[in-house]
Amino acid sequence: AQSVTQPDIHITVSEGASLELRCNYSYGATPYLFWYVQSPGQGLQLLLKYFSGDTLVQGIKGFEAEFKRSQSSFNLRKPSVHWSDAAEYFCAVGAGSSASKIIFGSGTRLSIRP
Amino acid sequence: GAVVSQHPSWVICKSGTSVKIECRSLDFQATTMFWYRQFPKQSLMLMATSNEGSKATYEQGVEKDKFLINHASLTLSTLTVTSAHPEDSSFYICSARAPMGRGADEQFFGPGTRLTVL
């Protein structure tokens, strides 16, 4: 069965520091992978997605993620975080035909230290 | 991007009553919508897949008689929590799948509805 693991429940980084959020997936075929951000009072926003092709994916807000099949990972990175990046981040995998179902990881809460 | 709205954004009801939550795709037609439930500080759990004009497909463990889903038009899906109890209190989120040619395979999420059952 498909699953997504985010091993870090909560991460705190200093403003301006680099960020890496970990994500591991379990899926038999080539996965459709997503990163979403959820801010308080707002809906989930798609940061980036990977379906095929270049394994380094660029997203919005300066985020990027790298698909590593050998490690079953899709880690999210940002070179320099801003206070506004504080939020909950979810890694997800699309399952079924055309990724019609999305299975979410447990989420990582990001706090920014001034 | 495409916009999905939910109404109400929050609702408080008494135990035993029914509550209806609406999910609308505002600027695109969505043949498929999804309903998720999110407990505090937890992930989103898919409850059901709603296809316009047909019965919803529920995930294992989700009571279809408890959570009634109707997808009467290409822009509206409703979730009715029947005979609500305190354990139904949660954050309910819908999403709508964009049609082919417009961010295909991408779901757009509503802002969620906070349900509190007293």
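In what order do the four strands of the open sheet of chain B stand? The order is β1-β3-β8-β7, with antiparallel pairing.

## Basis of the model

This is a predicted model, in which local features need pLDDT of at least 70, side-chain atom pairs count only at pLDDT 80 or more, and totals for chains, interfaces and linings use all residues. Residues are numbered from 1 along each chain as its sequence is written, chains are lettered from A and ligands numbered from 1 in the order in which they are written, and side-chain values use heavy atoms, with hydrogens and water left out.

Strands here are DSSP runs of E with at least two residues, numbered from the N terminus. Two strands pair if DSSP finds at least two bridges between them.

B:Val19 has B:Val81 in β8(B) as its bridge partner.

## Strand β9 of chain B

Strand β9 (residues 90-97) of chain B is largely enclosed by the rest of the structure, because eight of its eight residues are buried. Buried means under 20% relative accessible area, exposed over 50%, and partly exposed in between (1.4 Å probe, protein chains only). In a regular strand the side chains alternate between the two faces of the sheet. Both faces of β9(B) are covered, with B:Ser90, B:Tyr92, B:Cys94 and B:Ala96 on one side and B:Phe91, B:Ile93, B:Ser95 and B:Arg97 on the other.

β9(B) has several antiparallel partners. Six bridges join β9(B) to β4 (residues 32-38) of chain B, and B:Trp35 is the bridge partner of B:Cys94. Three bridges lead from β9(B) to β11 (residues 113-117) of chain B, where B:Leu115 stands opposite B:Ser90. Three bridges also join β9(B) to β10 (residues 107-109) of chain B, with B:Phe109 opposite B:Ser95.

## A loop residue

B:Thr31 sits in the loop between β3 (19-25) and β4 of chain B. Leaving out residues up to four places away in sequence, B:Thr31 touches B:Ser50, B:Asn51, B:Glu52, B:His71 and B:Leu74; contact means heavy atoms within 4.5 Å. The C-alpha atoms of B:Thr31 and B:Pro86 are separated by 32 Å, and these residues are 55 residues apart along the chain.

## Aromatic pairs

Over all chains, the structure holds 15 aromatic pairs. Rings of Phe, Tyr and Trp (its six-membered ring) pair if their centres lie within 6.5 Å; planes under 30 degrees apart count as stacked, over 60 as edge-to-face and the rest as tilted. One of the pairs, A:Tyr50 and A:Phe67, is stacked, at 4.5 Å centre to centre and 25° between the planes. A:Tyr50 lies in β6 (residues 44-50) and A:Phe67 in β8 (residues 64-68) of chain A, so the pair ties together parts that are 17 residues apart in sequence. A:Tyr50 is buried at a relative accessible area of 5%, and A:Phe67 is buried at 5%.

Ring pairs also link residues of both chains into a cluster: A:Tyr32, A:Phe34, A:Tyr36, A:Phe51, A:Phe90, A:Phe104, B:Tyr36 and B:Phe109.
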